[in-house]
Structure formats: C-alpha cells, structure tokens
Amino acid sequence: MPPEGHNAVDIEFLQCAFCFLDLDSLSISQREAHYEDHFINDLGNGSEGSQIAPIVVEPVAEPPTSSKGRMNTSEIKRDRPKKKFQFVKETDVFWYPAQETPPPSSCTPGLINLLRKGLLRGHSRGNIRRAALCFDKTVHIHREIWDAGWGCGYRNFLMACGGLMSQMQQPLYFPLLDSPLPPGIRNLQSWIETAWKEGFDPEGRKDLQKLVGTHKWIGTADLWVAFVSRGIPVQLVDFDLRNQAREILINWVVNYFTPKKSQDNPANLFESLKISPVTSTDKMPLILQHDGHSRTVVGYEVDRNGITNLLVFDPAHRPNAEVRNLALAEFAKSRLTQASTSPTFLDSQSTSSYTPMASPSTLKRKRSINDSSQNGEVLKQEKIARSRPKLLLIFCRL
C-alpha cells in the first residue's frame, strides 16, 4: 500500500500517438512539450507518412516507484503548471470534384491543371522535354494531425476514389463505391473488415486481426482487397528492385501514362508540331508503395538531360497557401468552362447484371516481402472492357 497522501498509479506502456516514441521515461511536462511540437510543426515539416522521425527529448531519471512497481505521482517534479491536453478531433470527410460543396482544407483540386501549366512553362524554357499527366479531376488529399504517422495509405485510397467517382467512362463505379458505405478513412477500415467476413484475404485478417478504430497502417494489398470486394477492377503489380535497376519501374509507369498513339514517331514535321509536349490523359493515378510509405503517382516528366522523374501527390505533405489558391482558381475555371455533373446512376437492372472482378477464392495475398515473384508480375489480372478505367496498385521491394 502506498503511504498516506500518495496516489498509486499502474505503470503502463505509453507511446506517442503520432510518432510512436516511447514516452515512459519522460516527465509530464516533457510529454506535453513533445505533443506541442507535433501540433505546431508536424503538418508543415513532417517527413513522409509512416516514416515520421520521432521528436528527440532528453531522457530523464526514472520517477520514484514503490517496491511493487507503482509510481508515486506526488513526488514527480513539474517544470511548469500542468496543461490539459485535448484530443484532436477526427475530421474524416471525403470530397470529390463533382460535389457542389467547397473542398475541405485537406483537399486541393485543380493541381493537375496547375501542374500542366508549370510543365508547359518548363518546356518553353528548355527544362522539360515532355511529360504526361493522369485524369485531371484527381485531387490531392493530405493527412492531418489526427492521422499523422499512419494515414497515408488511407489518403491515397481517397485520392483514387475521388478520381473513380468523377470519371464518366464507367458511371457504374460511383454506386459501387458510394453504397452501402461511402469512402472514408474509418469507412475503409470497415470495408476491409467486411471483406474479411465475406472470405477475402484470410492471411491479412490473421495478420491485422482488428482494423476498425485503430491506427494500423495499411498497404496496397489491403487496398486491393477493399476495391475488389466492391467490384472495382484493380491490378496489384509487384516490382522486386533490390537487385534490379529502378528504371524497370520508371519505364513501366511511363508506358502506362503514355498514350499508344503518342509513342509512334510523327510522319513529318507538320505532324510533330501538333503534338503537345505535355500529354493530358484520362488514366487513373497509380498508388505506389515503397519503404513503408505510399504515394499517388499522377504522371511523369522527362527533363532536358533525358532523366525521367515520377510526379507524385504525397499525402504526407500539404501544398502551401499560394499553391493551393492557384490550384483552386484552376478548379473554378474548369467548372465554369465545363459543367460538372454527378456521374449518372445506372438502373437497377444494369447494376444487378454486373459481376464483381474477383471472388474470395481468387485472392492471392501479397503482404510478405519474402514471396518470390518476377519484376512487374501482375498478381491479379481481370478481363475488362477497354472503356473501363482500371486502378493500378504497385508494391516495390527496395
């Protein structure tokens, strides 16, 4: 029993909710300072997604404990008055360009059009040889404080859903994604658990056990499960680059975004003048997972030296105010020049005749990095009509 006037508190393992640093050895004031640094600096200066660097705090001596391993809280020295920390509210809002409501602060539409202007300017200055971009309705969505350190996979999922629900080539995707539970960070967790119950991905279910309400990371394999269970055509492609040149991946991405017609050499000088150095396509963006992080690939550029760079939307970084305002202006212009309407819903007869792209028995799990595979091996290929845009997920072992 603790002495009279002392409160006994069970010692529990304590981690930072953002960077997972062990906080057990820190005083209360140091823990508060640690979280304050996250609140002030995390969104602006944080590193990539799940690779957030822990904030370093000088260690302190262990607090006095009783013989039974209980901490005497009254003997802890406080460097300053105790502050009450409030938990950050989850703002789990999904937005796509066809909606009439303005985009939330985490969403930036219009960046593809702005990026196209920048690439054309770079070409006119001799810095860019050529480039290609994905579907122009793709929205950049960055993580927020409440999902810092674990939300990048979920944010990439939202970017993909925004594109799929805005394209008009296959309007059936909209109801498949919107009902019975629309896209969202927490809703995606429910999507995956529901797929588990339906027989999808037993290995992933065994590995993650529980997903809803947690801060567990997810990868392209989990996104594959979510989309396939909703009947969305998707491919998961595996690149083993540990002993191979990374150009294999880059060339594959270039081939994906480059229209076949533009790959042919122009017949004459007049034909070459009609070819834009920046190609706008209706291709869906790619989700690329590598080194414990994932990003959305929206195109590529070839610079003056012939070096190819992938253009990505990184959910771990948010556009600054100036860039976001310019992008929103581009988005507003596109709405004025091209009336944006919600995708047309097909009748119930058309919906009922649609067959999902996979069944539980066809799922091949790809979570372990020790599985053998060929470079660019397509883990799941579906025969789909060319008019249907297809989502591609890439898993890289570096």
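E330 lies in helix α11 (helices, H or I, of at least four residues, and strands, E, of at least two, are DSSP runs numbered from the N terminus). The model is predicted, so local features need pLDDT of at least 70 and side-chain atom pairs pLDDT 80 or more, while totals for chains, interfaces and linings use all residues. Residues are numbered from 1 along each chain as its sequence is written, and side-chain values use heavy atoms, with hydrogens and water left out.

E330 counts as buried because its relative accessibility is 11% (buried is under 20% relative accessible area, exposed over 50%, partly exposed in between, with a 1.4 Å probe and protein chains only). Its side chain makes a polar contact with the side chain of K117, at 2.6 Å. Such a contact is a pair of N or O atoms within 3.5 Å; within protein, one must be able to donate a hydrogen and the other to accept it, and residues adjacent in sequence count only if both atoms are side-chain atoms. Leaving aside residues up to four places away in sequence, E330 touches G110, N113, L114 and K117 (contact means heavy atoms within 4.5 Å).

Helix α11 spans residues 321-337, 17 residues in total. From first C-alpha to last it reaches 25 Å, close to the expected 24 Å (1.5 Å times one less than the number of residues). Buried positions in α11 are R324, A327, E330, F331 and S334. They line one face of the helix, because they fall within an arc of 120° seen down its axis (the arc is that of the directions from the helix axis to the C-beta atoms). These buried residues pack against β3 (107-108) and α2 (111-124). On the other side of α11, A321, E322, L336 and T337 are exposed. N320 caps the N-terminal end, with a side-chain oxygen 3.2 Å from the backbone nitrogen of E322.

Strand β9 (residues 293-303) is largely enclosed by the rest of the structure, because eleven of its eleven residues are buried. β9 runs antiparallel to β4 (residues 128-133), joined by five bridges (strands pair if DSSP finds at least two bridges between them). Within this pairing, A131 has E301 as its bridge partner in β9.

Five bridges also join β9 to antiparallel β8 (residues 286-290). Here H290 is partnered by H293. The β8-β9 hairpin has two residues between its strands, and D291 takes a positive phi near 50°.

β10 (residues 308-313) is antiparallel to β9, with six bridges. G299 stands opposite L311 of β10. Four residues separate β9 and β10 in their hairpin, where G306 in the turn has a positive phi of about 85°.
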